[in-house]
Amino acid sequence: MGYEALISYSLSLILAVVLGNVLSNGLAVYYKYNREYIESGLYGFNGILTAMSVVLYIQNNIVMWFILVIGVLLSTIVTRAFKNLLTDSFSIPCSTGPFVFCSWLIIFAAYQFSSVTVNTGIYPHFITDYTGSAHKIIHFTDYIGLFFKNIGQVYFLSSPISGVIILIGIFFAHRKFACYAMLGSIVTIIIGEILGVDKNILFNGLYGYSPVLTAIALGCVFIKKSLIYTLLGIVITVFLQASLYSITASFAVPTFTSAFLLCLYLLVAAYNIRKN
């Protein structure tokens, strides 16, 4: 990507973040949704992630921005629906569920639109087409970069420097959160090597971002009392990520944070039943 193209892409991403935040929160306020959830950022971060996914995977033109606006507004309504169905009824956090659901719908729909081009970098194939990854020479510095990529990919950022900046931000916000984010990244690397996952995917941080979210969610937010439960969640998330890669690749869509969500929903539901 040339310098001018990089600047244009970065500006588009910044604008998408602003629109995602303003539109999602604006609609939530207009419909008088629960103020506590608005102020906690539940609507905003789902709207932001949905907007970013549109910019990342759909060709940049005027129609793409129209799709982005519709997608963000849809994510706000879906967030409200998830809250009613999951949180209020079963005490399960909706988390990034609305973002994943809406982004999948948007990409599936965009494949049918002749006015835009979808570029996920994924080409449909059967699960039986998988043959394992090619050998890759790994150096110690690669693991350091991977450690930070796992954190950066939470926001679609593949640069280790981005991961460093995000980790520093988490550290200043809450040290415990930063420690669990690092734990999620380290355990992912270990489990990924043990299982022998695709090195190209692993070393781009695409196995690590969901376990990082799982570590923070289980260790710091929703359960908090069991390190063993958190470690189990991280391992399960890595396994689920591999499984979902096989499934979503058949439909030419990214997995997004679906592995994290599935693990979070299952483990929180199991914990709630045990607690009750």
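The following exercises, each with a worked solution, concern a predicted model.

**Exercise 1.** Determine how the axes of helix α6 and helix α8 are oriented to each other, and which residues meet where they cross.

*Solution.* Begin with the axes: those of α6 (residues 140-152) and α8 (residues 175-195) come within 9 Å and cross at roughly 120 degrees. Angles of 65 to 115 degrees count as roughly perpendicular and those over 145 as roughly antiparallel, and α6 and α8 are therefore oblique to each other. The crossing of the two helices is right-handed. Turning to the side of α6, the residues in contact are Tyr 143, Leu 146, Phe 147, Asn 150 and Ile 151, and their partners in α8 include Ala 181, Met 182, Ser 185 and Glu 193. By class, this contact of α6 with α8 comprises eight nonpolar, three polar and one charged residues.

**Exercise 2.** Compare the span of helix α1 with its expected value, and identify its buried residues and what covers them.

*Solution.* Helix α1, residues 3-30, has 28 residues and reaches 40 Å from its first C-alpha to its last, which is close to the 40 Å expected at 1.5 Å a residue. Its buried residues are Ser 12, Leu 13, Ala 16, Gly 20, Ser 24, Asn 25, Leu 27 and Ala 28, and their cover includes α2 (35-39), α3 (42-57) and α4 (62-90).

**Exercise 3.** State whether Phe 256, a residue with positive phi, is buried or exposed.

*Solution.* Most residues other than glycine have a negative phi. Phe 256, in the loop between α11 and α12, has a positive phi of about 55 degrees. With 3% relative accessibility, against a cut-off of under 20%, Phe 256 counts as buried.

Conventions. Residues are numbered from 1 along each chain as its sequence is written. This is a predicted model: local features need pLDDT of at least 70, side-chain atom pairs count only at pLDDT 80 or more; totals for chains, interfaces and linings use all residues. Side-chain values use heavy atoms; hydrogens and water are left out. Axes are lines fitted to C-alpha atoms, for helices over the stretch in contact, and angles run from 0 to 180 degrees between N-to-C directions. Helices (H or I, at least four residues) and strands (E, at least two) are DSSP runs, numbered from the N terminus. Angles under 35 degrees count as roughly parallel, over 145 as roughly antiparallel, 65 to 115 as roughly perpendicular and the rest as oblique. A crossing is left-handed if the near helix is turned anticlockwise from the far one by less than a right angle, and right-handed if clockwise. Contact means heavy atoms within 4.5 Å. Ala, Val, Leu, Ile, Met, Phe, Trp, Tyr, Cys and Pro count as nonpolar, Asp, Glu, Lys and Arg as charged, and the others, Gly among them, as polar. The expected span of a helix is 1.5 Å times one less than its number of residues. Buried means under 20% relative accessible area, exposed over 50%, partly exposed in between (1.4 Å probe, protein chains only).
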